[in-house]
Amino acid sequence: MDQFGCYCIIGENGPFTSDALRLYMVYMSAHLYCPWHHPAEKTYMVVSRRAVFRRHCQPDETLVEGQKSFHNCNLPHAMETLTEPVLCLVAWRNEFQTPPVLTNSS
């Protein structure tokens, strides 16, 4: 847990439930790489610090506090922290029963 932490706010095992949405607070330590994956539609909003967000066939984006990155369903995406940790609010809108599927970037 010193490199990655995920707290469910809305969803299974969270204090609130919804059939339409999952909401998580996610912590990633410095120099951590989250590999390419899909299928869920997700929005990441940076709460603290910054990170690099990658979406298939799109330029990398370094996002800072208050900025967000949207990932369509089945769009491979990845994330990487730089010299500092990041805290993100992550909204997950579908594919609740399907775990993240690791993919190649191509």
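Glutamate 84 touches Ala30, Arg49 and Arg50, leaving out residues up to four places away in sequence. Contact here means heavy atoms within 4.5 Å. Glutamate 84 sits in strand S7, residues 77–92. Strands (E, at least two residues) are DSSP runs, numbered from the N terminus. The side chains of glutamate 84 and arginine 50 are joined by a polar contact of 3.4 Å. A polar contact is a pair of N or O atoms within 3.5 Å; within protein, one must be able to donate a hydrogen and the other to accept it, and residues adjacent in sequence count only if both atoms are side-chain atoms.

This is a predicted model, where local features need pLDDT of at least 70, side-chain atom pairs count only at pLDDT 80 or more, and totals for chains, interfaces and linings use all residues. Residues are numbered from 1 along each chain as its sequence is written, and side-chain values use heavy atoms, with hydrogens and water left out. pLDDT is the predictor's confidence in each residue, from 0 to 100. The protein chain has a mean pLDDT of 89, and 91% of its residues reach 70 or more.

The side chain of glutamate 80 makes a polar contact of 3.0 Å with that of arginine 54. Beyond residues up to four places away in sequence, glutamate 80 touches Leu32, Tyr33, Ala51, Val52 and Arg54. Glutamate 80 counts as partly exposed because its relative accessibility is 26%. The classes are buried under 20% relative accessible area, exposed over 50%, and partly exposed in between (1.4 Å probe, protein chains only).

Histidine 31 is 49 residues from glutamate 80 along the chain, yet their C-alpha atoms are separated by 7.0 Å. Histidine 31 lies in the loop between S2 and strand S3 (33–38). At 61% relative accessibility, histidine 31 is exposed. Its phi is positive, near 60 degrees, in a residue other than glycine. Arginine 49 also has a positive phi, about 80 degrees, and is not a glycine. Arginine 49 belongs to strand S4. With a relative accessible area of 41%, arginine 49 is partly exposed.

Now to the interior. Nonpolar side chains tend to be buried together in soluble globular proteins. The largest nonpolar core here has 16 residues, and Phe53, Met79, Val86 and Cys88 have the most contacts inside it. Strands S2 (22–28), S4 (42–55) and S7 each supply at least two residues of this core. S7 gives the most, with 5 residues. Such a core is a set of buried Ala, Val, Leu, Ile, Met, Phe, Trp, Tyr and Cys residues joined through side-chain atoms within 4.5 Å. Cysteine 88 contacts Tyr24, Met25, Val26, Met45, Val46, Val47, Phe53 and Met79, leaving aside neighbours within four places in sequence.

The whole structure has 2 aromatic pairs. In one, tyrosine 44 and phenylalanine 53 have ring centres 5.6 Å apart and planes at 55 degrees, so the pair is tilted. Rings of Phe, Tyr and Trp (its six-membered ring) pair if their centres lie within 6.5 Å; planes under 30 degrees apart are stacked, over 60 edge-to-face, and the rest tilted. Tyrosine 44 is buried at 8% relative accessibility, and phenylalanine 53 is buried at 2%.

Conventions: Helix = DSSP H or I, 4+ residues; strand = E, 2+ residues; numbered from the N terminus.
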